[in-house]
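This briefing describes how two chains meet in the structure shown below. Please read it alongside the coordinates, starting with the area of the interface and moving on to the contacts across it.

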Amino acid sequence: MFEQLKVLLLVAIRNLALHKVKTLVVGGILLAGSFLVVFGLSLLGSVESTMSQSIIGSVAGHLQVYSAEARDDLALFGSGFFGRDDLGEIPKFEDVKAELLKNPNVANVVPLGFENALLARGNVLDDLFERFRATVKSGNQTEIDSSIEVVKANLSNIRSDLENELKISGVPADIKKQIADVDTALSNEFWAKLKQDSETSLIFLESKIAPLSGEKEPLYLRYMGTNPSQFADVFKKFKVIDGENIPAGERGILLSNRIYETQIKNIVARGFDSLRKGLVEQRKTIAGDVALKTTATDLPKQYLEVAVYLTGSKRADIVASLKSFLKASDDNLETLVKQFLTIDDKNFAERYDYFYKKIAPEIRLYPFKVGDTINLRSYTRSGYLKTVPLKIYGLYQFSGLESSDLAGAFNFVDMVSYRELYGRMSSEGQKELDELRKQIEVKAVETGSIEDSLFGAGAQIESRSENKSSASQAQQAAAAAGGGKQTLQFKRAVSGKYDPRELDSGLIINAAVLLKNPRLLSITRLELESQLKNAKLNLKVVDWKQASGTLGQLVSVIRAVLLTAVGIILIVAMAIINNAIMMTTLERTREIGTLRAIGAQRAFVLRMFFVETLTISLLATLAGSLLAVTLVSFLGVRGVAAPSDFVSFLFGGPRLYPSVSTGLAFVAPLIVAILAQIFTMYPAFMASRISPAAAMQDRE
Amino acid sequence: MKKTHVKFLMVALSLPLFAGHKAWAMSEPELKKLVVEIDDRQRNSGDYKSTVFVEQTEKGKVTQAFEATVFRRDGDEKWMILFTKPKSEAGKGYLRLEKNLFLYEPALGKWERRTDRSGIGGTNSRRSDFDQSKLAVEYTAKFIGEEKLGKFDVLHISLSAKPEADVASPLLHLWVDKDSRNILKRQERSLSDKLLRTLYYPGWDKKFSKSKGADVYIPKQIRIIDEVEKGNGTTVVLRESNLDPLPENIFTKAWLESQSR
């Protein structure tokens, strides 16, 4: 047996050596197929593993629970569609939490709910005039005089910009009107009037001049309501990097550091940051990259975002410093700033350093900082806009995912504030509402019979009433303005506190479930579904992949594409193998006939072909697998850099360190070799049927 | 700005006004004349002040309510709203000057400025929602017929937006009381004729305006039914309306700020 195998092996090697081209083609295809399977699936497996850590470790947990009445699927990282998802609601989180914790594999249940908020932003002139108003209010004449100079300098620049615009504008009448307004604000009479009637002058600047600097689109902030301290305990990647977490019982917001740096920061500083990333980290050039070129071209246009903050002595210092730095003779700050912000590949490094050393400390780098209060505005479930003032307690990021927009997509608020923004009324609010309704005496009317109720018998449409006397109304309002008879005045109650127990009771939208043993995820999911059903809680349980929306499906899609590609390669390879052996059979008819004539059995001929295919397929696929293992191991040490911020989320950080699955390295070549054997069967069977007589005929 | 606020503003500030009109026949010229009169009656060149109560219902349940005082000076296209109840809204205010809408948040002591370009208060409402009625300019009217609404005989007319008009509702239907010429019902429809909202005006207050030298009609109550999200609706109640002149300097930030010191 062993002797026969030895002979078959020698024959196979001899035949493979004799048909070098065929051997190389077949071997090459098998090697490529095996390499692709081992390398592709190893990388994919590694990405899946890091991505699951990113998703599970940021906001998803292992499982997510939400209402079975939801019209849309839960998509924590976006469904890929615009609009607001309808996820239903969980009215009593406390009941759901108690039920879920009955399962021995459930470690933690975190209440969640997410929405988008609007954060209105004024333009640079709004900011300038807001500060100017405060200065005027302070009554400090030295500061007022200094601020007036800054306002005038900015007005002169706006006028100059408008003059340029006038030359190319298709609607010169509008521009001329704007120039006339700026001229009014630049006139001595205007500033003389400020001393007598500051409000009229300020309103003129705020309503006529401020709009000339354009409109800043509101910032859309995605926020997640939760129990802040529990969230920090459960999600280990979560880290507060500035300030502190929102204390229990306090209303507040934790801003994503990623959003703070890439969307909230001063636009000029963001421009410098973005250029630094492109030029230093990604080693691109302004001249050779369209996006960087656009950023560089836009920078000088943002000069006001720097200039308006340089007031008083700062202004003179920066002018002197910039003149020396730029070797310029101009004394106009705005001109110097424009010149300074004209960036190219050569001057970037020194200007970046200068900006952060000299200019950044003197300007408002962020519109708000930790400790400030911001107005978060969001649409309630019924489509009405609700505003809640929230203190910024800190900035957070997820460790290893600092540069990921996806991981830093959420800003966290306490669940109580979330409910208020959602439109859920507190018991105190409900009581107040009831009293208000009672006072107004609004009659409840059924929609179905509204016309009969409003316009039926007894309805009177029209009545005459008299105005109060003119003196009464004017006096009343004037008194209110002057602090006299306070008919309208009141003190607004602002409360930031609540009972910490409220965080874990009441309405939520979804809940993250963290498991003790994640390997039992599928089983636990089924168990929880059954538990919730028995407890008559109409909820869905989905795993982290489903909960993350289109992102979670990404790996499955890539896997399907890869396996399809491998499948096509293998089908081609098998067709070539089949064809090559058929050709070989025809070429070797005489040899096979001779072998059969000297006593070789049909089984021997069959085995000869099988061993030949086995030899080439094993050698080629193992070589492919070895190549893939070597490359993956090399990358596992060196790491694969994430080409974009999105990919860094998939990689679980800026680099992916892939690892090889040992089983895959052996199983993949084996499967390919078995397939090759199957496709050898038909030509081998044909060869085995060649008779000695046929071989002789072939010779003739 | 709350969308609820916007909705009531759309009705509270537009002051649809109608005067008596005895001889009528719905020929085309007379229909046009009626629509022009509707616009004319909404014009109030003087000052206006009213206390407004707004109640929002969602799926049949009251979810929000507030009370505010509205000030308006039509001559300068200025208006102002000061929210007084509930506590969470009290002191918030909106001041319209030029093309700007200033929003005041007393908890922060800060103002925000929006323009009509960006949508008022972050909503999808337009500046036209707040302007005086220009039905005759923006719409083409068609007489549908005489109908019965409760015990009232009403004239049913439809209004289609002219192609160049920038309006919130491309298609309107109005039911006007045949005797008093007050609007009793209004429907807002989409371009595809889908019914979006129905508004009912069960009562009108008639006041004499010195600046206009004529009567001004102010709705006492407006019931707004959301026809898309069934069960949702808004009730607006206007009280203590007054057309007498307001103090000259009332439309300022300082005045509004002073109300929540």
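Between them, chain B and chain A bury about 7400 Å², of which 49% lies on carbon and sulfur atoms. Of the area that chain B buries against chain A, Lys87(B), Arg113(B) and Arg223(B) supply 8%, more than any other three residues. The model is predicted, and totals for interfaces use all residues, whereas side-chain atom pairs count only at pLDDT 80 or more.

**Extent of the interface**

- Contact between the two chains involves 92 residues of chain B and 81 residues of chain A.

**Charged and polar contacts**

- Nine salt bridges are counted between chain B and chain A.
- Arg113(B), which is among the three residues that supply 8% of the area chain B buries, forms a salt bridge with Asp126(A), where the closest N and O atoms are 2.8 Å apart.
- Polar contacts across the interface of chain B and chain A amount to 21 residue pairs, with both residues at pLDDT 80 or more.

**Make-up of the chain B side**

- Strand E11 of chain B, which covers residues 195-209, contributes nine residues to the side that touches chain A, and this is the largest share.
- Sorted by class, the side of chain B that touches chain A has 34 nonpolar, 26 polar and 32 charged residues.

**Strand pairing between the chains**

- Strand E9 of chain A, residues 462-464, is joined to E11(B) by three bridges, and the two strands run parallel.
- Within this pairing, Lys206(B) in E11(B) has Arg464(A) standing opposite.

How values were computed
Residues numbered from 1 in each chain as written. Chains lettered and ligands numbered in written order. Predicted model: local features only at pLDDT ≥ 70, side-chain atom pairs only at ≥ 80, totals over all residues. Heavy atoms only, no water. Contact = heavy atoms within 4.5 Å. Buried area = accessible area lost by both parts, 1.4 Å probe. Salt bridge = Lys/Arg side-chain N within 4 Å of Asp/Glu carboxyl O. Polar contact = N/O pair within 3.5 Å; in protein donor to acceptor, adjacent residues only side chain to side chain. Helix = DSSP H or I, 4+ residues; strand = E, 2+ residues; numbered from the N terminus. Nonpolar A, V, L, I, M, F, W, Y, C, P; charged D, E, K, R; others polar. Pairing = 2+ DSSP bridges.
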